[in-house]
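Here are a few friendly notes to read alongside the model. Take them one at a time, and keep the 3D view open as you go.

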Amino acid sequence: MNTINTIENVNEKEAHGFHSSQSWIPESLSTEDLTWRYAPDLTAEEKETVLSLTKDSGFVSLFTPFVPNKETKKSDVAGILNLISGLPKLESIAGSMILDKKLSESIGAGIVVVAADGSELPVGQPVKQVIYESMPTDVYFETIGGFSLAKIKISEGDPEIVEGLHVHNGGRLIVALSKSSKVVLPSGTVNLRKNDVIWMPPWTLHSFLTGDFLALHPNEAGWNHPEAFLPYRS
Ligand SMILES: [Fe+2]
């Protein structure tokens with residue numbers, strides 16, 4: 001039987017490299033076809049366009065260079081933000097499907113923590129502020145079902161900490177913006193320093209502790225979607 005540690009019962013680890021976690025999906029979703037669940041408003045024609053983009057080798061190859069593997073040491077975060085921030089809706093949805101699939105294939109059940117390459121991040125000005133699971137969040141761009149980028153401030157008492165281990169329907173590219181912070185996994189706690197970059201496939205158990213984080217979400221469900229944050233229940 002697998003066991004899951006609580007936040008109080010963990011081993012602390014140095015950040016850079018691969019750290020194993022577990023994939024988990026709530027039973028209520030495990031038998032569903034989730035392909036369009038978080039992009040529910042697309043017409044049949046739009047869905048066709050998205051699917052053909054996910055099979056277009058030229059389009060897929062735009063994302064491939066950014067996908068980390070377990071040995072990756074650095075990430076070109078500015079490069080992927082430049083690619084993604086200008087994408088129209090259907091390209092954003094297709095791109096987020098491609099990135100999520102590749103993250104699952106190349107990382108599996110775990111996270112990869114790498115150093116940022118030092119480039120300045122092209123985030124621009126926030127377009128709106130929202131409260132995301134009680135956390136103040138600056139949104140830079142968003143496409144429902146596609147990519148969103150936001151700065152999330154996690155404080156004591158927020159669900160990210162209180163609920164502990166949880167999953168999201170999409171993968172994550174997170175940049176730690178605070179001097180020091182941590183991410184908790186079933187296998188232990190990983191210490192993070194400013195500018196560490198964390199890559200995570202969809203449905204990966206994790207919990208970030210206090211700090212500011214830049215978060216790129218593929219397959220954005222929407223900030224107040226009831227399934228945007230799914231606490232682990234054994
Ligand atoms: Fe999370």
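1. A term to start with: two strands pair if DSSP finds at least two bridges between them. Please also keep in mind that this is a predicted model.

2. Let's begin with confidence. The mean pLDDT of the protein chain is 91, and 94% of its residues reach 70 or more. Residues 1-10 call for care, with pLDDT below 50; beyond near neighbours in sequence, this stretch has 15 contacts in the model. Where pLDDT is low, the predicted coordinates should not be read in detail.

3. Now find β5 and β6. These strands pair in the antiparallel sense, over 5 bridges. To get your bearings, look for Q129, which stands opposite D138 in β6. The hairpin of β5 and β6 has 2 residues between the strands.

4. Which residue takes a positive phi in the hairpin of β5 and β6? It is E133, with a phi near 50 degrees. E133 sits in the loop between β5 (128-132) and β6 (135-142).

5. Follow β6 onward to β7 (residues 148-154). The two strands run antiparallel and are joined by 5 bridges. Here E142 stands opposite S148 in β7. The hairpin of β6 and β7 has 5 residues between the strands, and in this hairpin G145 takes a positive phi near 85 degrees.

6. Another residue to check is N195, in the loop between β11 (188-193) and β12 (196-200). N195 has a positive phi of about 75 degrees although it is not a glycine. With 15 other C-beta atoms within 10 Å, N195 counts as partly exposed.

7. Last, turn to P40, in the loop between α1 (27-30) and α2 (44-54). P40 counts as exposed because 8 C-beta neighbours lie inside 10 Å. How many residues apart in sequence are P40 and A221? They are 181 residues apart, while their C-alpha atoms are 9.8 Å apart in space.

Methods
Residues are numbered from 1 along each chain as its sequence is written. This is a predicted model: local features need pLDDT of at least 70, side-chain atom pairs count only at pLDDT 80 or more; totals for chains, interfaces and linings use all residues. Helices (H or I, at least four residues) and strands (E, at least two) are DSSP runs, numbered from the N terminus. A residue is buried if 20 or more other C-beta atoms lie within 10 Å of its own, exposed if 12 or fewer, and partly exposed in between; C-beta atoms are placed from the backbone. pLDDT is the predictor's confidence in each residue, from 0 to 100. Two residues are in contact if their C-beta atoms, placed from the backbone, lie within 7 Å.
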